[in-house]
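This report describes one structure in plain terms. It goes from single residues to the chain as a whole.

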Amino acid sequence: MSLVLSVDDLVVVRKWHILNRDACDAKIKLEKNKPNPNFDVLKILQKRKKDHVREMDEVQFHMDKRLKWNDEVRSKRL
């Protein structure tokens, strides 16, 4: 059984990644503003931010692919 998400579900997933990316940005800024920032924590947060950006791009790709497929199916029905 395969899991196929609708475009609306993909939008929710993308928004979740945007929210987490912004949270990572805020945590990075807070850590940098500390008198003695922990560089290990900064490295981890930057990796998480990069992962969320990558996932957002992947979700956007699938959204575009799904929308294109939906348009093709609609045009064939008409």
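The buried residues of helix α1 are V7, L10, H17, C24, I28 and E31. Buried means under 20% relative accessible area, exposed means over 50%, and partly exposed lies in between, with a 1.4 Å probe and protein chains only. Helices (H or I, at least four residues) and strands (E, at least two) are DSSP runs, numbered from the N terminus. An α-helix has 3.6 residues a turn, so residues three or four places apart point the same way.

The model is predicted: local features need pLDDT of at least 70, side-chain atom pairs count only at pLDDT 80 or more, and totals for chains, interfaces and linings use all residues. Residues are numbered from 1 along each chain as its sequence is written, and side-chain values use heavy atoms, with hydrogens and water left out.

Helix α1 covers residues 7–32, and its 26 residues should span 38 Å at 1.5 Å a residue; the end C-alpha atoms are 37 Å apart, which agrees. The expected span is 1.5 Å times one less than the number of residues.

Two further residues of this helix are R14 and K15. R14 has 27% relative accessibility and so counts as partly exposed, whereas K15, at 56%, counts as exposed. Contact means heavy atoms within 4.5 Å. Apart from neighbours within four places in sequence, R14 is in contact with M56, V59, Q60 and M63.

V59 belongs to helix α2, residues 39–77. Its relative accessibility is 8%, so V59 counts as buried. Not counting residues up to four places away in sequence, V59 touches L10, V13 and R14.

| Pair | Apart in sequence | Apart in space, C-alpha to C-alpha |
|---|---|---|
| K15 and M56 | 41 residues | 8.4 Å |
| R14 and R48 | 34 residues | 15 Å |
| V59 and L42 | 17 residues | 26 Å |

What does the chain look like as a whole? The chain has 2 helices and 0 strands. Its radius of gyration is 18 Å, well over the 12 Å that the globule rule gives for 78 residues, so the chain is more spread out than a compact globule. That radius is taken over C-alpha atoms, and the rule is 2.2 Å times the number of residues to the power 0.38. Along its principal axes, the C-alpha trace spans about 65 × 25 × 15 Å.

Of the 78 residues in the chain, 15% are buried. Among contacts between residues at least 6 apart in sequence, 71% join residues at least 24 apart.
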